[in-house]
Amino acid sequence: MPPEPSLTARSGTSVAETLLAGLLARGHSHFTGVPCSLLKGLFRLLEGPGCPATYIPAPREDSALGVASGLAVAGAKPIVLMQNSGLGYSLNVLTSFNLIYDVHLPLVVSWRGHDGKDAVEHDVIGRELTRLLDVFKLPWTVLDNERPEDSVAAFLKQYDSGRSTAVLIVREGI
């Protein structure tokens, strides 16, 4: 059975495959984070046999930031994966370490509750996610499932080789 249209990039590969390929092509080889159903396709790829990336599962989002920060300081190019509620949970780490010590990371964040049709615990942060990112001056890009390669390029341009913590927001499941 072929993937759902919203989960397929134009080339016939899944959005998750296109996203991972784009990140790997730009040297990002380490991934850490907390699984989320909207990111399950990406997590499946990272956990699959033969994946060229290193995936380090994290028990909590702030732990993922710590792991990725250590990797970045050591010279790796990590990516942090989390849902938006985890981003809210991690703001203290971001503001008291990453942002003040210029250990910037690219974050892939699922946008739970953006349309008000999710579990009630996602409503507030879902409604306020982009404003929250703006308050902390974190540049963000919403993943376009029809043109994921363009979204990856825009996201990584905002990340600017570690000069800014940037966020790629995943609104639909991949």
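Predicted model: local features only at pLDDT ≥ 70, side-chain atom pairs only at ≥ 80, totals over all residues.

Colleague: What does the C-alpha trace span along its principal axes, and what share of the residues is buried?

Modeller: The trace spans about 45 × 35 × 30 Å along those axes. For burial, the relative accessible area decides: under 20% is buried, over 50% exposed, and in between partly exposed (1.4 Å probe, protein chains only). On that scale, the buried share of the 174 residues is 47%.

Colleague: How confident is the predictor, and what is the average pLDDT of the chain?

Modeller: pLDDT is the predictor's confidence in each residue, from 0 to 100. Of the residues, 93% score at least 70, and the chain average is 91.

Colleague: Where is the pLDDT below 50, and how many contacts does that stretch have beyond near neighbours in sequence?

Modeller: The stretch with pLDDT below 50 is residues 1-8. A contact means heavy atoms within 4.5 Å. Beyond near neighbours in sequence, the number of contacts for this stretch in the model is 13.

Colleague: Which elements do the buried residues of α1 pack against?

Modeller: Helix α1 covers residues 15-25, and its buried residues are Val15, Ala16, Thr18, Leu19, Leu20, Gly22 and Leu23. An α-helix has 3.6 residues a turn, so residues three or four places apart point the same way. The packing partners of the buried set are β1 (30-33), α2 (40-47), β3 (78-83), α6 (148-159) and β6 (166-170).

Colleague: Is leucine 23 buried or exposed, and which residues does leucine 23 touch?

Modeller: Leucine 23 lies in helix α1. At 0% relative accessibility, leucine 23 counts as buried. Leaving out residues up to four places away in sequence, its contacts are His28, Phe31, Ile79, Val152, Phe155 and Leu156.

Colleague: Which residues does alanine 64 touch?

Modeller: Alanine 64 sits in helix α3 (residues 61-73) and is buried, with a relative accessible area of 0%. Not counting residues up to four places away in sequence, alanine 64 touches Thr32, Gly33, Ala58 and Val80.

Colleague: And proline 57: which residues does proline 57 touch?

Modeller: Proline 57 belongs to strand β2 (residues 54-57), and at 56% relative accessibility it counts as exposed. Setting aside residues up to four places away in sequence, proline 57 touches Thr32 and Gly33.

Colleague: Where is histidine 104 found, and is histidine 104 buried or exposed?

Modeller: Histidine 104 is in the loop between α4 (84-98) and β4 (106-110). Its contacts, not counting residues up to four places away in sequence, include Asn98, Tyr159 and Arg163. With a relative accessible area of 11%, histidine 104 is buried.

Colleague: What phi does lysine 137 have, and where does lysine 137 lie?

Modeller: Lysine 137 is exposed, with a relative accessible area of 72%. Its place is the loop between α5 (123-135) and β5 (140-142). Although lysine 137 is not a glycine, its phi is positive, at about 55°.

Colleague: One last one: what phi does aspartate 160 have?

Modeller: Aspartate 160 is in the loop between α6 and β6. At 36% relative accessibility, aspartate 160 counts as partly exposed. Aspartate 160 is not a glycine either, yet its phi is positive, at about 55°.

Conventions
Residues numbered from 1 in each chain as written. Heavy atoms only, no water. Helix = DSSP H or I, 4+ residues; strand = E, 2+ residues; numbered from the N terminus.
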